[in-house]
Amino acid sequence: MIDFRYHLVSLISVFVALAIGIVLGAGPLKEPIGDSLESQVESLRADRDELRTELDQSKTDLNDLNEFIVATAPDLLGDTLTDVPVTLVRTAGTNADAVNAVRDRLSETGAGVHDGGELSAEVFDPEGADKLLTTLRSIDTDLPDDDAKALSEALASAISTGSSDAADEPSPEPTEGESAAPDAGAAQGYDQKQSEEVLQAFAAAGRINGGGYAEAAVIVLIAPPVPEAQAAAGEPAEATAPEPSAYSDFAASLDARTPTVVAGTTAGAESGLVGFVRESDPGVSSVDSIELGAGPVITALTVGALHNDEVEGHFGFAANADDLMPGAEK
């Protein structure tokens, strides 16, 4: 049994150890310890100053490059997509200024920019979508059995209606021994009637705001904001926003019918849809840094490259981008 003497001895031992530490620290060990700590502090300060200098230089280089791209935008973009139909689709919570900048840069190319609408945060959520799914399956009996995939496939088919040039091209006649080629419209999306019916059904269910039927040669999908970035900007995060994989599947479905580019912020290239697309590689092109002046310019250049079958890939300032922009290495 532990008695009072045990506690007393323990307390005395503690005080003795403290006294020895104080004596040694103030005596023979004072200079070695002090010199060692001072050396470590100086080293940390030097590392901090070096990193700060490197960071400042990187920011300066990035700003200079951004300003250069913005300054040369009229020469880079002018009349490069004259009368090419481009559909711009927004996701819930996207920054209006960034979206407008992308739209303006696309307009400077001469493209006909169509508003594909804003997708709600619950757009691909099967919960509460029974009526919508029934309507969609009455329009398209070939939709997948999986409800989430059915929502994604139906909307992708309605938005990616294909370019008029592709739609007007006749299917080649099958030669003897060959079966007829699949219907071109099925590969490019729904016809106008189906597209309008599907979009109206999504709008009635409150899952898409704005938009409407339009032919599209290229589609730009503006990625949703990253929750951390929203919090830093003081914006409320969408608690029910779809996972990046849901948007990635939707983008891949769009791209299977019409060339598609996913455009997002610098933060989104690391932990958002753009980063997920780059890591999972569904074959969809992407652009980061649309919050910078150069991002929308790079987006418009990427649209042009996709339309002209010149290059696909991932572009922007982020470390996981392939190149800075089509035709220019980082």
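Visitor: What volume does the largest cavity have?
Guide: The largest cavity has a volume of about 40 Å³, where a cavity is a set of points on a 1 Å grid over the protein atoms alone at which a 1.4 Å probe fits but cannot get out. Grid points are joined across faces, edges and corners, and the volume is the space filled by probe spheres set on those points. This is a predicted model, in which local features need pLDDT of at least 70 and side-chain atom pairs count only at pLDDT 80 or more, while totals for chains, interfaces and linings use all residues. Residues are numbered from 1 along each chain as its sequence is written, and side-chain values use heavy atoms, with hydrogens and water left out.

Visitor: And how many cavities of 30 Å³ or more does the structure hold?
Guide: The structure holds 1 cavity of 30 Å³ or more.

Visitor: Which residues line the largest cavity?
Guide: The lining, meaning residues with an atom within 4 Å of a point, consists of Thr87, His114, Gly116, Ala158, Ile159, Leu199, Gly212 and Ala214. Strand 2 (112-119) and helix 6 (147-159) are the elements that give two or more residues to this lining; helices (H or I, at least four residues) and strands (E, at least two) are DSSP runs numbered from the N terminus.

Visitor: What is the lining like by class?
Guide: By class, the lining has 4 nonpolar, 4 polar and no charged residues, with Ala, Val, Leu, Ile, Met, Phe, Trp, Tyr, Cys and Pro counted as nonpolar, Asp, Glu, Lys and Arg as charged, and the others, Gly among them, as polar.

Visitor: Changing topic, how many residues has the largest nonpolar core?
Guide: The largest nonpolar core has 38 residues, and those with the most contacts inside it are Leu119, Leu136, Leu155, Phe202, Phe250 and Val262. Such a core is a set of buried Ala, Val, Leu, Ile, Met, Phe, Trp, Tyr and Cys residues joined through side-chain atoms within 4.5 Å, where buried means under 20% relative accessible area, exposed over 50% and partly exposed in between, with a 1.4 Å probe and protein chains only.

Visitor: Which element gives the most to this core?
Guide: Helix 6 gives the most, with 7 residues. The elements giving two or more residues are helix 5 (130-139), helix 6, helix 9 (192-204), strand 4 (218-222), helix 11 (244-257) and helix 13. A second, separate core has 32 residues, among them Ala73, Val287, Ala300 and Leu324.

Visitor: What does leucine 136 touch?
Guide: Leucine 136, which lies in helix 5, touches Leu143, Leu151, Ala154, Val198, Ala201 and Phe202, not counting residues up to four places away in sequence; contact here means heavy atoms within 4.5 Å. Leucine 136 counts as buried because its relative accessibility is 1%.

Visitor: Which residues are buried in helix 11?
Guide: In helix 11 the buried residues are Tyr247, Ser248, Phe250, Ala251, Ser253, Leu254 and Arg257. The helix has 14 residues and reaches 20 Å from its first C-alpha to its last, close to the 20 Å expected at 1.5 Å a residue, the expected span being 1.5 Å times one less than the number of residues.

Visitor: What about serine 253, is its side of the story buried or exposed?
Guide: Serine 253 is buried, with a relative accessible area of 9%. Beyond neighbours within four places in sequence, serine 253 is in contact with Ser152, Glu153 and Ala156.

Visitor: Where does aspartate 79 lie?
Guide: Aspartate 79 lies in the loop between helix 3 (73-77) and strand 1 (85-90), and its phi is near 55°, a positive value in a residue other than glycine. Aspartate 79 is exposed, with a relative accessible area of 62%.

Visitor: And where does aspartate 281 lie?
Guide: Aspartate 281 lies in the loop between helix 13 (273-280) and strand 6 (285-287), with a positive phi of about 55° although it is not a glycine. Aspartate 281 is exposed, at a relative accessible area of 55%.

Visitor: Last one: how many helices and strands has the protein?
Guide: The protein has 14 helices and 7 strands, and buried residues make up 37% of its 330 residues.

Notes
On a 1 Å grid over the protein atoms alone, a cavity is a set of points where a 1.4 Å probe fits but cannot get out, and a pocket is an open set with protein on both sides within 12 Å along at least five of seven lines; lining residues have an atom within 4 Å of a point.
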